[in-house]
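Biologist: I would like to learn how to read a model like this one, feature by feature. Could you walk me through it?

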Amino acid sequence: MKKILFLISLMLCVGLHAQVCPDFTELSDSRPADDSTQWHKRVKKSRAAWGSTAVHYERHSIPENTTGKLKLRAWRGERVNAQAVFWTAQAAPGTTLAKSELRNGKHVIAADNIDLCFVRYVLTDSLKNNQGGCGYRLNKAEWDSLLVADILDPRTSLDIAQCSTRPVWLSVSIPTDAQPGVYKGSISVGRHRLPYEITVLPRVLTAPQQRPFHIDFWQNPYAAARFFNVPLWSKEHFEAMRPNMEKLAEAGQKVITTTVMDRPWNGQTEDAFHSMVMRLRQPDGTWVYDYTVFDRWVEYVMSFGITKQINCYTMVPWNLEFDYIDVATATGRRIKAQPGTQAYEDYWLPFLKDFARHLKEKGWFERTCIALDERPRQHMRAAIELLRKADPGYRISSQCHYYPEVEPEVYDLCLPFGETLPAEVRERRAAEGKVSTVYTCCTEARPNVFVCSATSEAVWLPLHAVASGLDGYLRWAYNSWTRSPLQDARFRTWVGGDCYIVYPGASSIRMERFIEGLQAAEKVRLLREEYRAKGNEAALKSLEEALSRFRARLLQEGDAEQDVNAILPLLNP
């Protein structure tokens, strides 16, 4: 019976054919290029140098403020980043990347710990008058469009066009057992060798999954099935998602995104979320529930070490329509019901009782939350009342404003940027073992992780959560890809990049810098503990003063980079 139901679910969703993700051609840039005469005058031959991770290097502009030297500092267990730049007046087909191991006398950090990528350009739009990124953008001509270097392409050879710049991204993962000291190595971009050194400090950074910082990036498996052209929930589907899921686990993700009804957000993304649970209404009015897809997805994500929490969306969708299959007619049907009505209870109560039974059998009940996001308080109160009727042990996750009468019921509460919990509420929630986090979306012009955002804003956001006394950060879209995400990040609504922070099979500068911010947040936690234990009040005061810059405020251009640069030296003493 379950196999039959699972096959039905595949037919109801999408059925596609496996295909390797192809290479892509970068689109044209609307920004004027540096004059070719200037290129040939100033760049006699190709050149390469170290740049800054805070800079989006333009494709047709000669880079400025580069250097031949790079010195980094890192804890053991940390992943550190750097950006190099290659530019040439003549075409440079087949330009290759190479890396050496890092050496400190007889001690070695193997080349396997080093990732070296070409940075590829994606077309995006920008913020209008710095007013945030919300609203429809159907006419792309109304919005400034530009190419931004963001995609980290793992290939080791690339054709470089004449009169163009190509950034290169370096990431080094320091082993936790590395001997402290100065390690030296180099990378090569074409015929150019760039030496660098990393001072490995004695302190050890906690492994990502052991860090308490609560990261919740919503995963969209439906987008992956469409982009990679593979059958939904097939082996090919899961394999295609593997690089992106490994990157999510590397960041320390805590939450598995699941959907227990069809189109909880009314299909707002390119690929709508569908239900991972099949509801069948029998001719006698009773219900049968099939959890095959839900179980496979949860087990798949858990295989990456993402095991703390399962969030189930949602009892209160945007349009208040709910799906099921009518067995008598073998057709899909929908009902519309307001929370608090009898029709709503008749639909949800049997499911919630059976779902609790199933979760307990799987050993997942205590880590599962029924998620209610950005809904009116009266709807939330009615849904919570029904949840308690079904099983008092259900946990609740909510992304919403602070409602004093609702907050005590919510285990995982996420507030919009700029909104704070009263100190006594935050302290009580921490004592109760509850989670309190912050999110940004299209609303905030800065800080954010749009393609056009300053890269330092991705570092700023985790430190903001720490400075605000919160437990973590939520972003609604990890990989809700646009139609052609490797070429064009622009979407019918919201500024480019609001829908996703990684690319199909590839990371991004935004994601790597966000991981930097997560590591910085963990350093703050560890240094606070150390300084308090040792009574080092001077060091603690300096750290707290630097951290105070990360509290919610209206950021201006360049503020995030200044704040990050001010605190980084204090995190690597």
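Modeller: Let's begin with the neighbours of a single side chain. A contact here means heavy atoms within 4.5 Å. Leaving aside neighbours within four places in sequence, Trp348 is in contact with Val260, Arg279, Thr314, Met315, Phe322 and Leu386.

Biologist: Before we go on, what kind of model is this, and which residues count for which values?

Modeller: This is a predicted model, in which local features need pLDDT of at least 70 and side-chain atom pairs count only at pLDDT 80 or more, while totals for chains, interfaces and linings use all residues. Residues are numbered from 1 along each chain as its sequence is written, and side-chain values use heavy atoms, with hydrogens and water left out.

Biologist: Thanks. Which residues touch the most other members of the largest nonpolar core?

Modeller: The general idea comes first: in soluble globular proteins, nonpolar side chains tend to be buried together. Buried means under 20% relative accessible area, exposed means over 50%, and partly exposed lies in between (1.4 Å probe, protein chains only). A nonpolar core is then a set of buried Ala, Val, Leu, Ile, Met, Phe, Trp, Tyr and Cys residues joined through side-chain atoms within 4.5 Å. In this structure the largest such core has 139 residues, and Phe294, Met315, Trp348, Phe355 and Tyr394 touch the most other members. Helix α10 (residues 509-534) gives this core its largest share, 10 residues. Another core, of 30 residues, lies apart from it and includes Leu72, Val168, Val172 and Val200.

Biologist: Phe294 turns up again in α5, I see. Which residues of α5 are buried?

Modeller: Helices (H or I, at least four residues) and strands (E, at least two) are DSSP runs, numbered from the N terminus. Helix α5 spans residues 292-302, and nine of its 11 residues are buried, leaving the helix mostly covered. The buried ones are Thr292, Val293, Phe294, Asp295, Trp297, Val298, Tyr300, Val301 and Met302.

Biologist: Now zoom out for me. How many helices and strands does the protein have?

Modeller: There are 12 helices and 25 strands. For overall size, the radius of gyration is taken over C-alpha atoms, and the globule rule is 2.2 Å times the number of residues to the power 0.38. The radius of gyration is 25 Å, close to the 25 Å that the rule gives for 573 residues, so the protein is as compact as a globular protein of that length. Along the principal axes, its C-alpha atoms fill a box of roughly 80 × 60 × 50 Å. Of the 573 residues, 58% count as buried. Among contacts with a separation of 6 or more, 74% come from residues 24 or more positions apart.

Biologist: What about phi? Which residue has a positive phi although it is not a glycine?

Modeller: Asn65 is one of them, with a phi of about 55 degrees. It is found in the loop between β1 (47-50) and β2 (71-76) and is exposed, with a relative accessible area of 76%. Trp494, also not a glycine, has a positive phi of about 75 degrees. Trp494 lies in the loop between β24 (472-475) and β25 (507-508), and at 12% relative accessibility it counts as buried.
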